[in-house]
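Here's a quick walk through a sheet and some ring contacts. Have the model open beside you as you read.

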Amino acid sequence: MSLVRRWLAQFEWLWRSSTLRLATTLSGIFALGFVIAIFVALTLGQRAIERRVDTTLAVLAQGAVVDQASGDSPALILRALDDLADLPEQFRRAVSRGGGTVELHDDLMRSDLWRVLVAQDSRGQPVMVAVPVEDSADAQELLAKILWTTAAIVIVVALAFGGWAGVLAQRRLARINTTLDLLASGDFSARTGQAKSKDDLDDMSQNLDQTAAELERLVSQTRHLSASIAHDLRTPLARLRAQLEMLPDGDGRSAAIEEARGLSDIFDTIMRVARIEAGQGRDGFEPVLLGALVEELAETFGPVIEDVGKTLTLNLSSSATVHADRAMLVQAMANLIQNALVHGGDQIALFVNGRKMGVVDNGAGVDSAQFAEIIKPMVRLDAARSTQGSGLGLALVRAVADRHSAVLQLEKNDPQGLRVTLNFTDL
Amino acid sequence: MRILLLEDDKQLGPWIAGGLREEGHVVDHFDDGKDALMAAMGQEFDLLILDRMVPGLDGLAVLKSLRASKNNTPALFLTALGEVDARVEGFEAGGDDYLTKPFAFAELSARVGALGRRREGADVSEPGQTTLRHADLTLDLLARRCERQGQPIELMAKEIKLLEYVMRRPGRLVTRTMLLEQVWDMSFDPTTSVVETHVSRLRAKIDKPFDQALLRTRRGEGYVFGA
């Protein structure tokens, strides 16, 4: 079963090759043309032979005087029209049509195929003249065999060559495709590795490699830059922290330390979002059972939520395993829980349904027109301005979703509140 | 403890060195990676505190060279590069802990304490030990059972992990960040009071019904278990 499926998959893969399809279509058209040409040539050839035989028969008839006495010779029957009684029935029928090809069941004078013509003899009397045409029919048959065999070989070769070219082209295109996929997933070291250029596909591969190299250079530059920014910003923050800690104890001191900590938290989150968005490949990805992850989150955050007088429930209908960076998912969910805790109502639920995971609350919710807006970094809706938070939470969740090719969905909860879902559609 | 500090920042370096000396450590302070490496090769230290981005030689390169020459002195990275990748790099180079700037001095101090004890092998209990005892409190990690004064105490999975972590470090300051990293595996701050809430729940179970508190808060710094 799996073998058949593998073949089917292989076939599907091949059939997606435009080169192969082109080659097959051309071979098909070529084969059809070939068949028609052979058919026409054989039919026309047959007619030409028949006309020549008829001419010869007419000439033979004209040079002879036909009466009752004149007999048949082994390769020629020449009879007056009233002297056909001893010949097979088919001859008389041919005579009534004025001539034609007669095919017998049994040999007459060692031939079962005769060409019959009604012509005039030297006295102008209508006579029947007939010759065996088995030899020419044999020749015709042989010709047909040769033509059909040649055609079959040529078509098979054309198909095989087309298929082979298709497979080769498909392989090269597959390499280009794989490289593009890897690049898209963030592996900027992916290359097609095409060294020499023989044709347009090679040119394309080389162009792709150059573009990828440029991309890799830019990304590493950006990364280096972000490391420098991190260093240049964290160092003064660290100094600030150190100086604050050296101040004498007092209310102002701890408040200032708190502010400084808030500042570095915001900066950390920005760096984290940038880092996740610029993420490379799927290093650190592992199979993660969503149900187990959410259960653990519930155990971690449940008491926190209960302590502020709200409730946390867990809805696990079915749980799938996704390929993911566990720490990132935990952080994304923690952000969603934090959002629900700050902006949502008094009932918060974590849910997992197949490849979907998310947080739902029964708070004021968000106007659906603003769904697209609130996942942008730094956006905090007017309604939320009175409560704490820097507005980076959902941007991070979105970055995590993007990194996992998951869809971040915001919906209105029924009857009220917000439902945020991470949908891991990618298989 | 004798500590090697590699930190080039003109303010942070003296602040860290001064703070550690105040706590009774002997600190050799360097602001150049090569000098620090030379010193670490030639002398015996109990702990290395290395900044990642310093002139001369990066802290990471210093530690790699030392580990290559079979020097196993515990090392703590201080860094302005906070990202997960940078942390992983640090651990792969042979670092034992990783602290992102800015940090509270208490945080650094707690981690210095942790690494120092690890070296001495003193009161951090054997990692393989499955039954932890302190005074009248017993935690059986295999049976996942906890009792105090013979009374069984029901604990949640995270509470067991939390209790195990602090019981293995009696008398030592354990910070909020250390707990987040070690018990919850979170290298980020979840803003909500996860640690505080769970510590207070754990306390309600292991301390409140009894006359003597074992898990105590050191305000603004962290928690200390036992003595």
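This is a predicted model: local features need pLDDT of at least 70, side-chain atom pairs count only at pLDDT 80 or more; totals for chains, interfaces and linings use all residues.

## Sheet and rings

Residues are numbered from 1 along each chain as its sequence is written, chains are lettered from A and ligands numbered from 1 in the order in which they are written, and side-chain values use heavy atoms, with hydrogens and water left out.

**The sheet in chain B.** β6(B) and β7(B), the latter spanning residues 137-140, run antiparallel and are joined by 4 bridges. Strands here are DSSP E runs of at least two residues and helices are H or I runs of at least four, numbered from the N terminus; two strands pair if DSSP finds at least two bridges between them. Zooming out, the open sheet has 4 strands, ordered β6-β7-β8-β9 in chain B, with antiparallel pairing. The edges belong to β6 (131-134) and β9 (151-153) of chain B; each has a single partner strand, so one side of each lacks a neighbour in the sheet. From one strand to the next, the twist averages 20°.

Helix α6 of chain B (residues 157-167) packs on this sheet and touches β6, β7 and β8 (145-148) of chain B. Contact means heavy atoms within 4.5 Å. The helix direction makes about 120° with that of β7(B), with axes fitted to C-alpha atoms (for helices over the stretch in contact) and angles between N-to-C directions running from 0 to 180 degrees.

**Rings.** Over all chains there are 7 aromatic pairs. Phe, Tyr and Trp rings (the six-membered one for Trp) pair if their centres lie within 6.5 Å; planes under 30 degrees apart are stacked, over 60 edge-to-face, and the rest tilted. Here are two of the pairs:

| Pair | Centre to centre | Plane angle | Type |
|---|---|---|---|
| A:F91 and A:W114 | 6.1 Å | 65° | edge-to-face |
| B:F91 and B:Y98 | 6.3 Å | 45° | tilted |

B:F91 is partly exposed at 37% relative accessibility, while B:Y98 is buried at 1%.

Note on methods: Buried means under 20% relative accessible area, exposed over 50%, partly exposed in between (1.4 Å probe, protein chains only).
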